[in-house]
Amino acid sequence: MSTSPAFLPFLLRIADTNLILSQRLSEWTGHGPFLEEDLALTNIALDILGTSRSIYEYAAKIENKGRSEDDLAFLRNERQFLNPLICELPKGDYAFTIFRQCIVDAFQFHFYNALTISTDETLAGIAAKAVKETTYHLRHTSSWMERFGCGTEESHHRLQNAMNEIWRYTDDLFDMPEGYADLVKTKVAPEMMSVKENVQKELLPIIERSTISIPDPSFMQTGSVKGIHTEHLGYLLAEMQYMQRMYPGSRW
Amino acid sequence: METVSLEANFDAKLTRNEMIEPKDWMPDNYRKHLIRQISQHAHSEIVGMLPEGNWITRAPSLRAKIVLLAKVQDEGGHGLYLYTAAETLQISREELLDQLHTGKAKYSSIFNYPTLTWADIGAVGWLVDGAAIMNQVMLQRTSYGPYARAMVRICKEESFHQRQGYEIMCRLAFGSQEQKEMAQDALNRWWWPSLMMFGPPDANSPNSANAIKWKIKRESNDQLRQRFVNQTVPQAEFLGLSVPDKELKWNDAKGGYDFGTPDWNEFENVIHGNGPCNKERLAARVEAHDKGRWVREAAAVFAAKKKGMDKAA
């Protein structure tokens with residue numbers, strides 16, 4: 001267990017990533033393009049929601065201020081959430097959802113992989129479970145990338161649009177909170193440059209197979225590690241946190 | 001074999017309580033009845049995802065969110081088993097969905113009621129799934145093999161859902177005053193529609209006679225409704241909630257409750273499209289299907305291209 005001040009923000013960043021993305025994915029539940037895909041996407045939403053819960057639970061323990069996992073999820077505001085911007089973007093069409101998910105899957109796959117050798121045993125354990133799940137998620141979304149890219153003219157066009165919209169949020173994924181170097185030094189957390197290299201090696205062939213192109217020049221939006229988000233997050237939280245805010249102190 | 005002996009053979013199987021399988025001969029009306037019933041059941045599962053899905057993004061705790069998301073996913077899974085069972089009767093899923101989208105096929109009317117508060121998620125699990133189980137337990141022994149086997153899996157998950165619904169009700173009923181009021185309000189709104197789920201009274205149920213003769217259905221609407229009331233009233237009492245029926249009274253002689261008559265007028269109205277959410281539910285299904293068209297097309301075109309490439313290689 002790390003005593004670095006960066007440890008709690010680091011945990012919250014992982015948990016928030018999963019919670020916020022799961023919130024977006026679950027908006028599709030019951031509305032998917034066909035039944036099998038509805039089930040598959042909901043499965044991803046469930047897996048990552050499970051991961052977020054494990055991490056919040058751990059973060060609450062690390063923080064040791066009497067806050068519960070639910071307090072961390074439902075009672076922090078839009079400047080306190082640390083998820084990468086890409087997670088909070090509205091779900092868009094199915095190409096947008098799949099493209100965003102594929103990027104995050106590739107990121108998580110390599111991030112968790114590196115985290116399995118963390119000196120923090122709790123984190124290493126959570127990462128070991130998550131890496132197995134993410135393997136399936138990535139397989140699923142990368143195969144849809146290829147289907148869309150090489151399917152019909154319309155699907156190709158939609159996927160390229162998704163790329164054009166989303167690409168500028170990809171660098172932000174790799175930012176880590178201030179003091180992160182301490183966590184790397186003590187081998188609690190992985191070095192992000194090498195995670196980034198692996199993610200690129202994973203993603204570029206998928207993008208190539210999908211026959212879409214990376215927009216150029218591509219200016220990158222960042223800021224999430226400082227809690228500077230898009231305007232979308234506030235609405236997402238307003239909906240997600242409504243019950244906890246409306247009935248303070250109630251148990252469900 | 002001549003139709004007469006085929007039919008005699010079919011009847012004999014039913015008498016021996018043997019399952020009818022997809023390749024067996026069956027009377028045309030039996031097949032039609034099953035397609036209607038199984039597809040109606042499948043449609044109910046996927047339309048049923050909507051009222052509960054309505055609360056996924058607002059569930060009040062991480063645990064509640066996970067449980068609800070998994071539950072709604074289960075309903076989708078049930079829809080999938082049931083469509084597959086219906087397809088063994090030589091009708092395609094596309095045709096079945098088309099019947100739903102054009103309003104030709106029905107789904108359970110209960111899903112045309114709105115889920116207004118979080119307590120409704122508890123009430124739906126407790127009452128609606130509870131009522132569904134009464135029907136479904138019987139269907140595990142239904143005469144058509146694929147349907148019966150689908151029901152075995154479905155029943156296991158449904159009884160789990162019912163317990164989860166009741167757990168939500170417990171938390172509310174033993175929680176704050178506001179929570180308790182929320183629970184009572186949900187019971188008030190869901191009680192009568194749940195009793196209507198068993199269908200019209202036996203005297204008035206057009207499809208029941210054949211269903212019982214063919215052993216598709218093994219108990220009547222009124223029998224199942226009575227059993228549901230007997231089981232549910234003590235559960236409401238345990239919660240300290242009152243069932244919104246002034247005529248409800250224990251009857252020693254019959255060993256069950258006497259209870260009031262549901263508003264069959266309302267029932268007819270909802271069936272004929274005038275429930276509070278009929279239009280929204282159908283529109284949501286049609287919209288999802290229409291918006292998914294390009295996804296399905298892309299998958300089909302890609303699969304065909306891939307097949308072509310594999311052949312060329």
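What share of the contacts in chain A with a separation of 6 or more comes from residues 24 or more positions apart? They account for 81%, contact meaning heavy atoms within 4.5 Å.

This is a predicted model, where local features need pLDDT of at least 70, side-chain atom pairs count only at pLDDT 80 or more, and totals for chains, interfaces and linings use all residues. Residues are numbered from 1 along each chain as its sequence is written, chains are lettered from A in the order in which they are written, and side-chain values use heavy atoms, with hydrogens and water left out.

**View 1. Chain A, helices throughout.** Chain A has 11 helices and 0 strands (DSSP runs: H or I of at least four residues for helices, E of at least two for strands, numbered from the N terminus). Its C-alpha atoms fill a box of roughly 55 × 45 × 30 Å along the principal axes. Of the 252 residues, 59% are buried, that is, under 20% relative accessible area (1.4 Å probe, protein chains only).

**View 2. Where chain A meets chain B.** Chain A brings 48 residues to the contact and chain B brings 45 residues. Together they bury about 4000 Å², 70% of it on carbon and sulfur atoms; buried area is the accessible area (1.4 Å probe) that two parts lose on being put together, summed over both.

**View 3. The salt bridge.** Chains A and B share 1 salt bridge (a Lys or Arg side-chain nitrogen within 4 Å of an Asp or Glu carboxyl oxygen). A:Glu36 pairs with B:Arg93, the closest N and O atoms sitting 2.5 Å apart.

Terms used. Buried < 20%, exposed > 50% of the residue type's maximum accessible area, 1.4 Å probe, protein only.
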